[in-house]
Amino acid sequence: MKKGYDIVIIGGGIIGCSIAFELSKRGVKDILLVEKRFLTAGATGRCGAGIRQQWGAELNASIALESTHILEHLEEYTGYDKSIELHQGGYLLVAYTEKEWNQFQKNLEVQHKLGIESYGLTPQECLEKAPYLNLDGVYGGTFCQKDGHANPFHSTQAYAKGAMRQGVDIETFCEVTGFRTQGGAICGVETTKGYVETKMVINCANTYAPELAAMVGDEIPVYSERHQALVTEPVAPLIDCMVMSFSRSYYVQQTPHGSFVMGIGPKEEPSHNFHSSWQFLEQNCAIMCEALPILRKLNVIRQWAGQYDMSPDRHPVIDEAETCKNFYSVCGFSGHGFMVAPRIAILMANFLTGQKDSIDIHKFSKTRFKTGDILIEPSVV
Amino acid sequence: MRIEQHPILQFDRGEKVTFLFNGQPVEGYTSETIAAALHAAGIRELSHSPNLDRPRGLFCAIGNCSSCVMTVDGEPNVRICITKVRPGMIVQEQHGKGVVTP
């Protein structure tokens, strides 16, 4: 770690690492990435790691689509010598009510406009995609083969190693404790490993991003929500696709390793709670065994908790602090940061280096919550 | 090999019964585990590593480590170190991931 850098990125998850990679790829050499613990210690390492293009909002769908294209050859793109274990087994979104089914039809229109290869299914066709699915109450479903999942640890490492090769310094176990400003602009970062001069800060600290932004007087309407997941023992392949429902609020997927990773949407107060609970184990298993009765036969190995950085409209917040120039925050991914990170990083890097981009970054400005120009996303767990 | 005499412990082995291991009859006692019966019969290779298929033996013997998982009466991934012998049960070695059937 040097005494000063042009840019300091805070957060060693997929967002921070991908932005570091894209910036250094564009010739920005003097970058430091600081991480409080180790890379993927936060939300990235705890996420379900699904990749989904079947979104209801055009902006989310287009970002997810372009991110998938990058993830399909991320190893080559970043020069990573291992596999990110991408598996495109598809996502089956199950509709349990007519209302949900009608929403899915609207979503399909949005997706088809962007060229996403998703389509509707009858209950019987759902059963073909996901054998052993309990069809009680199933109204229909939609499917996209290009959806799937990747290994979040390998994906982050791919970006981090690529960034380091391009000259980025990464400092782990280095917590940011404060900022120094001069004339309304950022001029330095206080860390547990000392003071670092800088001309710019990119705050990618996920649920801690609002707290860091508050240190320079900026207010971000993003809050933290605990989500839990569990993993079962590995068994021979049973279901190739992710099965997901919004109305019953569950997702489940068999990983290439053979274990099932699953979770349910909680109804909880905002908190930084990282503890797992028996209530989750009980509720999750009840919901999952109802939806996929064959899962009753599996033993649960482990469960854990992580945080979603929820924004009011389930779209990311990417903005410069009003009170401090050159202090950017990239957060509020609302549980789908992993799958959109590749495209968000390109958007951010293009913006900071003054290059053109097909997506207008100002759509993600937090002023949308004041003007009421919010981006609605109907399809989240 | 079994400990027949112990200075302070007494063994209640239950009834002597026969079950099938990989199609071959093996004798065991209903108050003992499958692992104990197989050990007494000289069978030390219990499970196999998932990728290289290397043999694994008894390791924790208390149901924690999954080093002894086998398919018992069609149910995969059964920890035989904590599962008692039942007469006529069908125990099979597992190679690769266990197969779950509805």
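Chain B is compact in this predicted model. For its 102 residues, a compact globule would have a radius of gyration near 13 Å, and chain B has 14 Å, which agrees. Along its principal axes, the C-alpha trace spans about 45 × 25 × 20 Å. Buried residues make up 23% of the 102 residues in chain B.

The secondary structure of chain B comprises 1 helix and 7 strands. Along the sequence the order is β-β-α-β-β-β-β-β. Take the contacts in chain B with a separation of 6 or more: 38% of them join residues 24 or more positions apart.

Met89(B) gives a local view of this chain. Met89(B) sits in the loop between strand 6 (75-79) and strand 7 (90-92) of chain B. Leaving aside residues up to four places away in sequence, Met89(B) touches Phe19(B), Val72(B) and Asp73(B). Tyr29(B) is 60 residues from Met89(B) along the chain, and their C-alpha atoms are separated by 12 Å.

Now cross to the other chain. The contact between the chains takes 11 residues from chain A and 8 residues from chain B. On the chain A side, 7 of these residues are nonpolar, 2 are polar and 2 are charged.

Chain A is divided into two parts: domain 1 (4-47 + 153-222 + 313-371) and domain 2 (88-147 + 223-310). Their centres, taken over C-alpha atoms, are separated by 30 Å. Domain 1 of chain A puts 12 residues into the contact between them, and domain 2 of chain A puts in 10 residues. On the domain 1 side, the residues divide into 6 nonpolar, 5 polar and 1 charged.

The largest nonpolar core has 111 residues. Which of them touch the most other members? They are Val8(A), Ile9(A), Ile19(A), Ala20(A), Leu92(A), Val243(A) and Val330(A). Helix 10 of chain A gives the most to this core, with 10 residues. Both domains of chain A take part, with at least three residues drawn from each of domain 1 and domain 2.

Val243(A) shows the packing at one point. Not counting residues up to four places away in sequence, Val243(A) touches Leu92(A), Val94(A), Ala130(A), Leu133(A), Val252(A) and Leu292(A).

Finally, look at helix 3 of chain A, residues 58-71. This helix has 14 residues. From first C-alpha to last it reaches 20 Å, close to the 20 Å expected at 1.5 Å a residue. Why is helix 3 of chain A described as largely enclosed by the rest of the structure? The reason is that 10 of its 14 residues are buried. They are Asn60(A), Ala61(A), Ser62(A), Ile63(A), Ala64(A), Leu65(A), Glu66(A), Ser67(A), Thr68(A) and Leu71(A). What do these buried residues pack against? Their partners in chain A are strand 3 (50-51), helix 4 (74-78), helix 5 (98-113) and helix 10 (337-352).

Notes
Residues are numbered from 1 along each chain as its sequence is written. Chains are lettered from A and ligands numbered from 1 in the order in which they are written. This is a predicted model: local features need pLDDT of at least 70, side-chain atom pairs count only at pLDDT 80 or more; totals for chains, interfaces and linings use all residues. Helices (H or I, at least four residues) and strands (E, at least two) are DSSP runs, numbered from the N terminus. The expected span of a helix is 1.5 Å times one less than its number of residues. A residue is buried if 20 or more other C-beta atoms lie within 10 Å of its own, exposed if 12 or fewer, and partly exposed in between; C-beta atoms are placed from the backbone. Two residues are in contact if their C-beta atoms, placed from the backbone, lie within 7 Å. Ala, Val, Leu, Ile, Met, Phe, Trp, Tyr, Cys and Pro count as nonpolar, Asp, Glu, Lys and Arg as charged, and the others, Gly among them, as polar. The radius of gyration is taken over C-alpha atoms; the globule rule is 2.2 Å times the number of residues to the power 0.38. Domain bounds come from an automatic or database domain assignment. A nonpolar core is a set of buried Ala, Val, Leu, Ile, Met, Phe, Trp, Tyr and Cys residues joined through C-beta atoms within 7 Å.
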